[in-house]
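I opened this notebook to record what I looked up in the model. The entries follow in the order in which I made them.

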Amino acid sequence: MIGRLRGTLIAKRPPVLLIDVQGVGYEVEAPMSTIYELGETGTDVIVHTHLSVREDAQQLFGFASMAERDLFRVLIRINGVGGKLALAILSTIPPADFTRVVEEGDVTALTRVPGIGKKTAERLVVEMRGRTDALIASGRSDGRSLEVKPQGAPSEATDALVALGYKPAEAGRMVQKVAEAGMDSEAIIRAALRSAMR
């Protein structure tokens, strides 16, 4: 089991990170909350990981804090919630807000996450109620946001939203609505997700 990686951040292509650990490049899928917290490419990073092994694939998920990883692990135990959907939840709703949403039974907020229908949202509320405070209590690590503004940021943002579960046309509309000159892909994604939650 791989529980943590410490290495150099080589690339960010949401939702995938490439981390070099002593010459070995690990592809790590991460929620946008983690991607926001990591520094610029070329910096040393630490991510807490969860390795998922299935017959047809091995996936390594990474998180800026153990609290996020613990929440992810609880989420994927819920019937109908896999790794991709758990990442979408963590990307769309910050962990502290997720606690509030669950405790208040806010099914509508959960259905705004791509891939979550009313039944799944209701199941999340029932199964997660009373279990989230302890998970979030350990807090999240601080980190610097990415300042590099790559070319094709709207295109990269659209690809990332599609990877999170939005349909291509919907992702394109979300990006068009919020993208402004000079914004990097992460800023566009963040703004698009905030807009979708309104």
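**Entry 1: helix 8 and helix 10.** I looked up how helix 8 (residues 153–163) and helix 10 (residues 185–197) pack, and found an angle of about 50° with axes 8 Å apart. The two helices are therefore oblique to each other, because angles under 35 degrees count as roughly parallel, over 145 as roughly antiparallel, 65 to 115 as roughly perpendicular and the rest as oblique. The axes are lines fitted to C-alpha atoms over the stretch in contact, and angles run from 0 to 180 degrees between N-to-C directions. I noted the crossing of helix 8 and helix 10 as right-handed; that term applies if the near helix is turned clockwise from the far one by less than a right angle, and left-handed if anticlockwise.

**Basis of the entries.** The model is predicted: local features need pLDDT of at least 70, side-chain atom pairs count only at pLDDT 80 or more, and totals for chains, interfaces and linings use all residues. Residues are numbered from 1 along each chain as its sequence is written, and side-chain values use heavy atoms, with hydrogens and water left out. Helices (H or I, at least four residues) and strands (E, at least two) are DSSP runs, numbered from the N terminus.

Entry 2: I listed the residues in contact (heavy atoms within 4.5 Å). Ala153, Pro154, Glu156, Ala157, Ala160 and Leu161 of helix 8 meet Ser185, Ile188, Ile189, Ala192 and Leu193 of helix 10. I then checked burial, where buried means under 20% relative accessible area, exposed over 50%, and partly exposed in between (1.4 Å probe, protein chains only). The buried residues in helix 8 are Ala153, Glu156, Ala157, Thr158, Ala160 and Leu161. Their cover includes strand 1, helix 9 (168–178) and helix 10. Just after helix 8, I found Gly165 with a positive phi of about 120°.

**Entry 3: strand 1 and its partners.** Two strands pair if DSSP finds at least two bridges between them. Strand 1 (residues 4–13) is joined to strand 4 (residues 44–53) by 5 bridges, and the two run antiparallel; Arg6 stands opposite Ile46 of strand 4. Strand 2 (residues 16–21) also runs antiparallel to strand 1, with 5 bridges between them, and Leu17 of strand 2 is the bridge partner of Lys12. Strand 1 and strand 2 form a hairpin with 2 residues between them. Pro15 is found in the loop between these strands, and I recorded the peptide bond from Pro14 to Pro15 as cis, with omega near 5°.

**Entry 4: two loop residues.** Is Gln22 buried or exposed? Gln22 is exposed, at a relative accessible area of 80%. Gln22 lies in the loop between strand 2 and strand 3 (24–29), and its phi is near 50°, a positive value in a residue other than glycine. Arg129, in the loop between helix 6 (118–128) and helix 7 (132–136), is partly exposed at 42% relative accessible area. Leaving aside neighbours within four places in sequence, I found Arg129 in contact with Val102, Glu103, Glu104, Gly105 and Leu124. Thr99 is 30 residues from Arg129 in sequence, yet their C-alpha atoms are 8.2 Å apart.

**Entry 5: the chain.** I counted 10 helices and 5 strands. Of the 198 residues, 46% are buried. Among contacts between residues at least 6 apart in sequence, 61% join residues at least 24 apart.
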